[in-house]
Amino acid sequence: MGDSIKLILSDIDGTILPAGQPYVSERTADAFSAALAAGYYVGPASGRARAWMVPFLRGRDELCQTALATNGMEVYLQGELIHRETVAHGLLEELAAEMTELPHAGLVVFDEGTPQLVAGTLDDLAASFPAYAKTCRVLGAVPDTPAVKVNVFQRTDMEGTRAFVARLNEEHPELSFDVPQVAWSNVTPRGWSKGAAVRVLCDAIGCSTDEALVFGDAGNDVPMFRVAGHSAAVAGATPEAAVEARYHIGACEDDAVAIAVEALVAGEWPFTE
């Protein structure tokens, strides 16, 4: 069955990168390299920009040549950017106004790798995503530059995050919001997601989505779980991700994705229904 797979994509945080670690294990990087050498298309599918992915993949740029970056807003194939989505300026202004009125909420629009705080406070951003607060540029207004990576946040628990995201999805029909982690949400044009990006990448490769294998652990991975013919959630995945995955594997901390990829390269099928 492994010979029917053409494309392998994996989320990074919580799927191949354990919390608090600076980069994936050597075993994971080696497994992805072996899959590339065996003729698979391989890459990350992350909310992060492509340039940020390379250090997490132990500096191996070849492992990020094919990628779904910024939650699928940018699609790369063998080093070439083949698709890019942006969020309309007017929609961001509406969203910024709403975030200003909500308690402990905010909006971040990125300039390449630099987070820019458009609405909300640094204290609330630090509580929601500490790493971004350390390098954040405070703007207080929506920038004129095209917005590719956009996030909203609210200082709350997971139950509150789900309620926050559900409200935004209902109130903003032209935008989509997901739950990648507590207190944090990706913002994309309605209908755009990692799932839509998988379709774009498969079309460019010339394979069907049935020939795609994806790994993930969170709500923003659900759309690609629904599109790809083969999807696997790591142990400890969020309930919404776990229920959508076709297969279930071990933990991120135990190199579960690497183990599965190694098996594929060896001609074995690593999953059971």
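User: Which strand provides the largest share of the lining of the largest cavity?

Analyst: This is a predicted model: local features need pLDDT of at least 70, side-chain atom pairs count only at pLDDT 80 or more, and totals for chains, interfaces and linings use all residues. Residues are numbered from 1 along each chain as its sequence is written, and side-chain values use heavy atoms, with hydrogens and water left out. Strands (E, at least two residues) and helices (H or I, at least four) are DSSP runs, numbered from the N terminus. The largest share of the lining is three residues, and they come from residues 184-189, strand 11.

User: How much space lies in the largest cavity?

Analyst: A cavity is a set of points, on a 1 Å grid over the protein atoms alone, where a 1.4 Å probe fits but cannot get out; lining residues have an atom within 4 Å of a point. Points are joined across faces, edges and corners, and the volume is the space filled by probe spheres set on them. The structure holds one cavity of 30 Å³ or more. The space in the largest cavity is about 40 Å³.

User: How many residues of that lining are charged?

Analyst: The lining includes Gly-47, Asn-71, Lys-149 and Val-187. Ala, Val, Leu, Ile, Met, Phe, Trp, Tyr, Cys and Pro count as nonpolar; Asp, Glu, Lys and Arg as charged; the others, Gly among them, as polar. Four lining residues are nonpolar and five are polar, while the charged ones number one.

User: Is Asn-71 buried or exposed?

Analyst: Asn-71 sits in the loop between strand 3 and strand 4 (74-77). Its phi is positive, about 60 degrees, although Asn-71 is not a glycine. Buried means under 20% relative accessible area, exposed over 50%, and partly exposed in between (1.4 Å probe, protein chains only). Asn-71 has a relative accessible area of 4%, so it is buried.

User: What relative accessibility does Arg-58 have?

Analyst: Arg-58 lies in the loop between helix 2 and strand 3 (67-69). Arg-58 is not a glycine, yet its phi is positive at about 60 degrees. Arg-58 counts as partly exposed because its relative accessibility is 31%.

User: Why does Arg-48 count as buried?

Analyst: Arg-48 is in the loop between strand 2 (41-44) and helix 2 (50-56). Leaving out residues up to four places away in sequence, Arg-48 touches Asp-13, Met-53, Phe-56, Ala-69, Thr-70 and Tyr-132, where contact means heavy atoms within 4.5 Å. Arg-48 counts as buried because its relative accessibility is 15%.

User: Which residue has the backbone oxygen that the side chain of Thr-100 reaches?

Analyst: Thr-100 is in helix 3 (residues 89-101). At 55% relative accessibility, Thr-100 counts as exposed. The side chain of Thr-100 comes to 2.9 Å from the backbone oxygen of Ala-96.

User: How far apart in space are Asp-123 and Glu-240, C-alpha to C-alpha?

Analyst: Asp-123 belongs to helix 4 (residues 122-128). Its relative accessibility is 59%, so Asp-123 counts as exposed. Asp-123 and Glu-240 are 117 residues apart in sequence, and their C-alpha separation is 29 Å.

Terms used
1 Å grid on protein atoms, 1.4 Å probe; cavity = no way out; pocket = protein on both sides within 12 Å on 5 of 7 lines; lining within 4 Å. Polar contact = N/O pair within 3.5 Å; in protein donor to acceptor, adjacent residues only side chain to side chain.
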